[in-house]
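Let's take a walk through a protein model together. Keep the picture open while you read, and find each residue as it comes up.

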Amino acid sequence: MPRQLREEKVFKDPVHKYIYVQDETIWNLINTKEFQRLRRIRQLGTSFMTFHGAEHSRFSHSLGVYEVARRIISQFERNGYADWPGEERLLCLCSALLHDIGHGPFSHSVEKVFGTHHEEWTCKLVLGDTEVNRVLSEADPELPRKVSEVICKSYEKEIVVSLISSQLDADRMDYLLRDAYFTGVHYGTFDMERILRVIRPHRGHIVVKESGMHAIEDYLMSRYQMYWQVYFHPVTRSSEIGLRKIFERAKRLYGDSYPFRFLMGPLVGLLENNLSIGEYLELDESYIQMTIMQWSKEQDPILSDLCERFLHRRLFKYAATDAWDEPLKWELRSGLAAAGIDPDFYLEIDSITDMPYDVYRPGDEEESLPILLLSDQEGLTEISRKSDIIRSISGIHRGKQHIYYPEELVRDRASALPSSIRKMLGLDRV
């Protein structure tokens with residue numbers, strides 16, 4: 001039986017009002033240095049350059065996911081559902097709390113350059129020589145392995161995995177509400193209280209009572225709107241591209257034995273894709289922003305210019321295009337190169353697609369577990385078979401492609417560009 005705290009701990013939270021901690025293991029995990037590091041990692045990466053309020057951390061999000069999971073489990077226990085495996089309570093709460101512990105600074109942008117993945121780092125931190133591992137092991141020697149399996153979606157009980165990672169999970173429910181709150185938008189909100197009342201365990205799955213279908217429609221439409229209005233905002237994409245170009249340039253220079261003025265600690269391991277756990281934990285967004293400030297003074301003109309742009313929010317401009325093919329891409333790249341602009345670091349063709357609700361295909365590890373409706377006769381139906389709204393947005397690939405480029409640099413050299421490229425980038429317009 002997990003040990004309880006003598007006195008319940010409470011966090012004030014702008015989204016859930018209060019976050020409650022009764023378990024000693026959860027409290028000890030929160031106080032590990034690996035979890036406290038998440039205070040120094042923003043939840044939305046570079047989105048603060050688009051939405052100035054988006055300064056919230058992965059620490060607050062992780063606490064929020066824990067709280068949503070705790071409330072779901074409490075609702076299951078309060079109603080005495082026989083299909084809920086009560087012995088998995090602590091595992092679910094630990095997995096919810098730790099699901100993002102492996103995120104690095106500006107995680108998704110950096111991951112694309114170096115081919116790393118935050119879930120892999122999460123498992124390393126859970127299983128490695130860390131304070132988190134020691135806290136978990138003290139509660140149960142098998143707990144680190146089980147938490148790792150839940151996060152990697154290989155745990156034997158689907159119902160546990162789906163609480164943390166599915167189309168309707170504690171992670172998504174918190175980040176939609178939290179990101180909407182801190183970006184100042186309203187279309188990311190939904191009725192979580194209603195959802196908590198209509199979900200329940202059933203034959204190894206977490207399902208939704210059919211009468212609650214409209215609350216799920218509202219949740220999925222909120223997710224749809226948040227992706228297109230916040231997560232895929234073209235200005236945010238521009239800031240992400242700028243950050244990625246910085247590290248692509250640094251990686252190129254390092255491979256060419258460029259003599260960096262500033263290159264210390266975990267930066268070497270990052271550029272070599274050979275970070276130890278200790279080095280990885282040193283990396284936070286303050287460290288990366290300090291690095292970018294130092295690199296803005298480097299002798300390499302491209303690296304220093306890219307860093308200056310990021311520091312002072314001189315982001316790449318974007319132009320939308322309906323169609324794109326390889327000949328056009330080659331024409332644009334060669335035209336910029338002929339004008340003395342390196343297309344590897346000053347050009348990005350960005351195509352955004354997303355499926356706000358995608359039906360699970362058994363055996364495909366990339367698909368999330370589906371949302372199942374439970375009828376009064378206890379039959380299960382995948383929700384898009386019942387909902388016209390969900391069916392209408394399922395599998396939608398939407399959005400124009402965008403060309404990102406440094407407007408003032410390209411405009412200064414516009415006379416050296418072919419007319420077709422000037423027209424494509426709108427340089428001929430007054």
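**Starting with the strands**

Look for Phe 11, whose bridge partner in strand 2 is Ile 19. The two strands here are strand 1 (residues 4-13) and strand 2 (residues 17-23), and they pair in the antiparallel sense over six bridges. Two strands count as paired if DSSP finds at least two bridges between them. Helices (H or I, at least four residues) and strands (E, at least two) are DSSP runs, numbered from the N terminus. With three residues between them, strand 1 and strand 2 form a hairpin.

A quick word on what you're looking at: this is a predicted model, where local features need pLDDT of at least 70 and side-chain atom pairs count only at pLDDT 80 or more, while totals for chains, interfaces and linings use all residues. Residues are numbered from 1 along each chain as its sequence is written, and side-chain values use heavy atoms, with hydrogens and water left out.

Now move along to strand 9 (residues 401-405), where five of the five residues are buried. Buried means under 20% relative accessible area, exposed means over 50%, and partly exposed is in between (1.4 Å probe, protein chains only). Which residues cover the two sides of strand 9? Gln 401, Ile 403 and Tyr 405 sit on one side, His 402 and Tyr 404 on the other, and all are buried. Strand 9 has partners, too. Strand 5 (residues 317-321) pairs with strand 9 in the antiparallel sense over five bridges, and Ala 320 stands opposite His 402. Strand 6 (residues 348-350) also runs antiparallel to strand 9, joined by three bridges, with Ile 349 opposite Ile 403.

Stay with Tyr 404 for a moment. Tyr 404 counts as buried because its relative accessible area is 0%. Val 235 is 169 residues away from Tyr 404 in sequence, yet the two are 10.0 Å apart in space, C-alpha to C-alpha.

Next up, charges. Side chains of opposite charge can pair when their charged atoms come close. A salt bridge here is a side-chain nitrogen of Lys or Arg within 4 Å of a carboxyl oxygen of Asp or Glu, and by this rule the count comes to 32. One of them joins Arg 89 and Glu 77, with the closest N and O atoms 3.9 Å apart. That pair links distant parts of the chain, as Arg 89 is in helix 4 (residues 89-98) and Glu 77 in helix 3 (residues 58-78), twelve residues apart. Arg 89 is buried, at 17% relative accessible area, whereas Glu 77 is partly exposed at 38%.

Another salt bridge brings together Lys 386 and Glu 210 (3.3 Å, N to O). Lys 386 lies in the loop between strand 8 (380-382) and helix 20 (388-393), and Glu 210 in the loop between strand 4 (205-209) and helix 12 (213-231), so this pair ties together parts that are 176 residues apart in sequence.

About one helical turn separates them, because they are four residues apart in helix 13 (residues 234-255). Through shared partners, salt bridges join Arg 244, Lys 245, Glu 248 and Glu 348 into one network.
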